[in-house]
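Notebook open, structure loaded. I'm jotting down what I look up as I go.

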Amino acid sequence: MRWNGIEYSLRESQRAKRVILKVSGRSGLDVVVPRGFNKRRLPEILRAHEAWIGIQLQRVKESLSLPAPEHIDLNAIGERWQVQYRPTLAGRLMVRADASNQLRVQGNVGDVRGVAFALDRWLHLKAHAHLVPWLREVSREVNIAFNNATVRGQTTRWASCSKLGNISLNRNLLFLPEHLVRHVFLHELCHVRQLDHSPKFWRLLEKVEAEYKALEAEARKANHHVPQWVQLGRSR
């Protein structure tokens, strides 16, 4: 579909409760609407977010001109991975990791989007291997149990908690400093007991983390830790 000279994809979702706008390097602008949504309202909604859409699309465009990353710093777990590129005739790009923190990207390494997408798949597996056990550890420490944990590629949140006590973690947490990741965990664990941001929630968070106000402010400005190639390669 097309709006104001911008191509976008549109899909309905039973889970969506509102219109969701996503911009990625692989698919451009994606618009997700609740089932039964009146699509005549879309132009009005897109106009209201026109500035944000333009900024995100420009960032994707700029990232296409960036060189592929030479290294990847996973600050949360104290790892730096050196990235090596090996062009081959294989169609699909593959990422192989070894014990010396080397990532070998093989395939059409001149495909900027493809490289970012392949690295993003590796990042997702890495996040699941580290973030979920870490969340369980913090959960036991503060004695707040959650139901289930998943790793996703959220665009606007570091994590979220459902009313069933399911916690969804943004894989980009791996790029954040360790203390901020821990803060995000504690924030979502407190939502298991108090889903809203009422005074009761903040009192609960203060009990497990006295400096929560400063950490909340720091987390809101932490996007600069996430490298640009991640947005280009967002896969989920």
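This is a predicted model: local features need pLDDT of at least 70, side-chain atom pairs count only at pLDDT 80 or more; totals for chains, interfaces and linings use all residues.

Which residue in β8 is the bridge partner of Tyr-85? I looked it up, and the partner is Val-105.

**Entry 1, around β6.** I followed the strands on from that pair. Six bridges link β6 to β8 (residues 102-107), and these two strands run parallel. On β6 (residues 79-87) I also found β5 (residues 71-74), paired with it in the antiparallel sense through four bridges. One pair I noted there is Ile-72 with its bridge partner Trp-81 in β6. β5 and β6 make a hairpin, with four residues between the strands. I checked the turn as well: Gly-78 sits in it and has a positive phi of about 65°.

I then stepped back for the overall numbers. I get seven helices and eleven strands in the protein chain. Its radius of gyration is 19 Å, close to the 18 Å from the globule rule for 236 residues, so the chain is as compact as a globular protein of that length. Along the principal axes, the C-alpha trace spans about 55 × 55 × 30 Å. Of the 236 residues, 44% count as buried. For contacts with a separation of 6 or more, I noted that 49% are between residues 24 or more positions apart.

The accessible surface comes to about 13500 Å², and carbon and sulfur atoms hold 49% of that. I have 38 positive and 22 negative side chains down for the chain, with the centres of the two sets 7 Å apart.

I found Ser-139 in helix α3, which covers residues 112-142. Is Ser-139 buried or exposed? Its relative accessible area is 8%, so I put it down as buried, the cut-off being under 20%. Leaving aside neighbours within four places in sequence, I see Ser-139 in contact with Ile-144, Ala-145, Phe-146 and Leu-189.

Which residues does His-191 contact, leaving aside its neighbours within four places in sequence? I have Cys-161, Asp-196, His-197 and Phe-201. Last, I looked up the distance from His-191 to Leu-74: they are 117 residues apart in sequence, and 26 Å apart in space, C-alpha to C-alpha.

Notes
Residues are numbered from 1 along each chain as its sequence is written. Side-chain values use heavy atoms; hydrogens and water are left out. The radius of gyration is taken over C-alpha atoms; the globule rule is 2.2 Å times the number of residues to the power 0.38. Buried means under 20% relative accessible area, exposed over 50%, partly exposed in between (1.4 Å probe, protein chains only). Contact means heavy atoms within 4.5 Å. Accessible areas come from the Shrake-Rupley method with a 1.4 Å probe; for residues, only the protein chains shown count as cover. Lys and Arg count as positive and Asp and Glu as negative; His and the chain ends are not counted. The place of a charge is taken as NZ of Lys, CZ of Arg, CG of Asp or CD of Glu. Two strands pair if DSSP finds at least two bridges between them.
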